[in-house]
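Thanks for coming, everyone. I have one chain to walk through, and I'll keep it brisk.

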Amino acid sequence: MSKKIKTEAVDYLFQAILSLKDKEECYTFFEDICTINELLSLSQRFEVARMLREHKTYLEIAEKTGASTATISRVNRSLNYGNDGYDMVFERISREENGENS
């Protein structure tokens with residue numbers, strides 16, 4: 001984990017996020033804490049990561065998401081050399097969708 005982000009303030013933010021109970025609470029909180037563009041950028045990156053994991057091409061991803069090739073490349077670098085956070089979440093979502101427990 002990057003030491004640059006591990007601060008008391010970030011810990012408190014994550015504690016707040018973990019306290020959210022459902023998708024509606026997420027909408028309420030994130031609409032207050034983020035600008036619309038920030039939230040759309042985060043969701044775009046997450047969609048780019050999902051599509052990269054599905055072996056879509058940069059062109060397909062750019063056309064569907066509107067992401068720049070620089071953004072796609074940055075997300076791809078995180079997928080390949082990051083902390084495996086995307087994969088952890090994708091695996092959990094997949095288990096939920098398949099009705100499996102953690």
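I'll start with the model itself, then the overall fold, the core, and a few single residues.

First, the ground rules. This is a predicted model, so local features need pLDDT of at least 70, side-chain atom pairs count only at pLDDT 80 or more, and totals for chains, interfaces and linings use all residues. Residues are numbered from 1 along each chain as its sequence is written, and side-chain values use heavy atoms, with hydrogens and water left out.

Confidence next. pLDDT is the predictor's confidence in each residue, from 0 to 100. The chain averages 94. At least 70 is reached by 96% of the residues. Among the elements, α4 has the highest mean, 98. The lowest mean belongs to helix α6, residues 85-97, at 95.

Now the fold. The chain has 6 helices and 0 strands. Helices here are DSSP runs of H or I, at least four residues; strands are runs of E, at least two; both are numbered from the N terminus. From that end, the order reads α-α-α-α-α-α. The C-alpha atoms fill a box of roughly 35 × 35 × 30 Å along the principal axes. Contact means heavy atoms within 4.5 Å. Take the contacts with a separation of 6 or more: 36% of them join residues 24 or more positions apart.

On to burial. Buried means under 20% relative accessible area, exposed means over 50%, and partly exposed is in between, with a 1.4 Å probe and protein chains only. Of the 102 residues in the chain, 15% are buried.

Which residues make up the largest nonpolar core? There are 10 in all: Val48, Ala49, Met51, Leu52, Ile61, Ala67, Ile72, Val75, Leu79 and Phe90. By nonpolar core I mean buried Ala, Val, Leu, Ile, Met, Phe, Trp, Tyr and Cys residues, joined through side-chain atoms within 4.5 Å. Two elements give two or more residues to this core: α3, residues 36-53, and α5, residues 69-81. The largest share, 4 residues, comes from α3.

Let's look along α5. This helix has 13 residues. From first C-alpha to last, α5 reaches 18 Å, close to the 18 Å expected at 1.5 Å a residue. That expected span is 1.5 Å times one less than the number of residues. The buried residues of α5 are Thr71, Ile72, Val75 and Leu79. Why do they sit on the same side of α5? Because they cover an arc of only 100° around the axis. The arc is that of the directions from the helix axis to the C-beta atoms. Turned away from that buried side is a face with the exposed residues Thr69 and Tyr81. The cover over the buried residues of α5 includes α3, α4 and α6.

Now Tyr86, in helix α6. Tyr86 is partly exposed, at 21% relative accessible area. Leaving aside neighbours within four places in sequence, Tyr86 is in contact with Arg45, Phe46, Ala49, Val75, Ser78 and Leu79. Phe46 is 40 residues away along the chain, yet the two C-alpha atoms are separated by 7.9 Å.

Next, α4, residues 58-65. Thr65 lies in this helix. Where does the Thr65 side chain reach? To the backbone oxygen of Ile61, at 2.7 Å. For such polar contacts, the rule is a pair of N or O atoms within 3.5 Å; within protein, one must be able to donate a hydrogen and the other to accept it, and residues adjacent in sequence count only if both atoms are side-chain atoms. Beyond four places in sequence, Thr65 touches Gln44, Glu47, Val48 and Met51. Met51, on the same terms, touches Lys56, Glu60, Ile61, Lys64 and Thr65.

Glu60 is also placed in α4. Its side chain reaches the backbone nitrogen of Thr57 at 2.7 Å. Glu60 is partly exposed, with a relative accessible area of 37%.

Last, the loops. His55 is in the loop between α3 and α4. Its phi is near 65°, a positive value in a residue other than glycine. His55 counts as exposed, at 71% relative accessibility. Asp84 is in the loop between α5 and α6. Phi of Asp84 is likewise positive, near 65°. Asp84 is partly exposed, at 47%. Just after α6, Gly99 takes a positive phi of about 75°.
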